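Please walk me through this structure.

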Amino acid sequence: MTRRKYEELQERLFKECAAIEREILDTISKRFDITADVTPENVYGWYTDMLMQTGAVNTDARRIINKHSAEISALAQDSLHEYVNYYLLRDEGVYRAAFARGFLVTIPTTIENSARLQQVYRQSGRFISQYLNVTNTTALQSARKKYVDILNKAYAHVVTGSRSYTYAISNACRQMYASGITGMNYISPKGTRTSISLEAGIRRCIITTSSQATGMMQMERAQEWGCNHVEVSSHFGARPSHAEWQGAVYQIEGSSQDYPNLADSTDYLTVSGLKGINCTHEIYPYIPGFSEQRFHPYDKEANARQYQKLQGQRGIKREIRDWKQQVAGAKTAEDKAFAQRKVREKQAKMRSYVESTGVTRHYDREQVLR
Ligand SMILES: [Zn+2]
């Protein structure tokens, strides 16, 4: 199967976001000269000099963001467009075939002429632009904060004599690379706030928004064609709350003995339900008598065990990525060697994990992107 166009666009987009983060981290790191002669006696002078450069760090970060922002916003809109089109056109083929065989009775107006579909599409595009704007602002604040954090940490260590200047700086820089530049905060339904990296935040926004917009448009389109049923895909190892309803056919409006109601069963479009955050479940048109059901549920317990295995693998993947990032940000040979040793250690951990659990290894997701 050929790669879908939206996947290529998304990948280019995420690379571009990763480039912003990397360039900002580099520009901050570059300001710290580890060969400088900073001692407990002169550290205060060094500290105040460096603090004066905070404005310049801000200017650098702004320049980096401005350099990439037009490309990022174009890629984000293009990938949304391709994503929505891919699924809507795929469904359109199903409806036309069902119509040709008499299972559907009317042909609706075209997708382009459907006011409701276009409204959902435009709103999603606007949401993405707003998200990107806020992320730009947050990234600037984050850059300034990362810079001042390194300054403060180094100052505290050097002034108390607990660590040498070189050690304090290189350690703080390494940690900065591991945590990345923060984008827009994510606020969970419970109200807890998590700061995630710029790249991870944009990734989540694009994937979730594209998927939600597509879901809403698919449902509108189903109703425009007079189709009241959808099939929900299933994956082995889906999160347990989604395993409850995956792999079944639902009714969009109302419910019946054979087909329960979609929204009631799946929490459709809520953050924790179908087409919510990080949900990769797909919706397919289903026309009783014409469509053949392709997806079925998995055994709940087996699915839950697989989910745990995949979660464990995700954790190790993150560790590999974080240490690779620290290799890139290391300021001394010792630090670099240490981070490289950690990468090899985590890769060995992954090998034995994959062997003992039988999950599939995805090398591409262990690469440093941000
Ligand atoms: Zn899901």
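Angles under 35 degrees count as roughly parallel, over 145 as roughly antiparallel, 65 to 115 as roughly perpendicular, and the rest as oblique. The model is a predicted one: local features need pLDDT of at least 70, side-chain atom pairs count only at pLDDT 80 or more, and totals for chains, interfaces and linings use all residues. Residue numbers start from 1 along each chain as its sequence is written.

Take the helices. Helices (H or I, at least four residues) and strands (E, at least two) are DSSP runs, numbered from the N terminus. Axes are lines fitted to C-alpha atoms, for helices over the stretch in contact, and angles run from 0 to 180 degrees between N-to-C directions. Helix H1 spans residues 5–30 and helix H3 residues 54–100. They pack at an angle of about 170°, with their axes 8 Å apart. H1 and H3 are therefore roughly antiparallel to each other. Their contact has 17 nonpolar residues (Ala, Val, Leu, Ile, Met, Phe, Trp, Tyr, Cys and Pro). It also has 8 charged ones (Asp, Glu, Lys and Arg) and 4 polar ones (the others, Gly among them).

Now the strands. Three of them form an open sheet in the order S4-S3-S5, with antiparallel pairing. Two strands pair if DSSP finds at least two bridges between them. The edge strands, S4 (248–251) and S5 (283–285), each pair on one side only. From one strand to the next, the twist averages 35°.

Strand S3 covers residues 229–232 and pairs with S4 over 4 bridges. In S4, Gln251 is the bridge partner of His229, and Val249 that of Glu231. S3 pairs with S5 over 3 bridges. There, the bridge partner of Glu231 is Tyr284.
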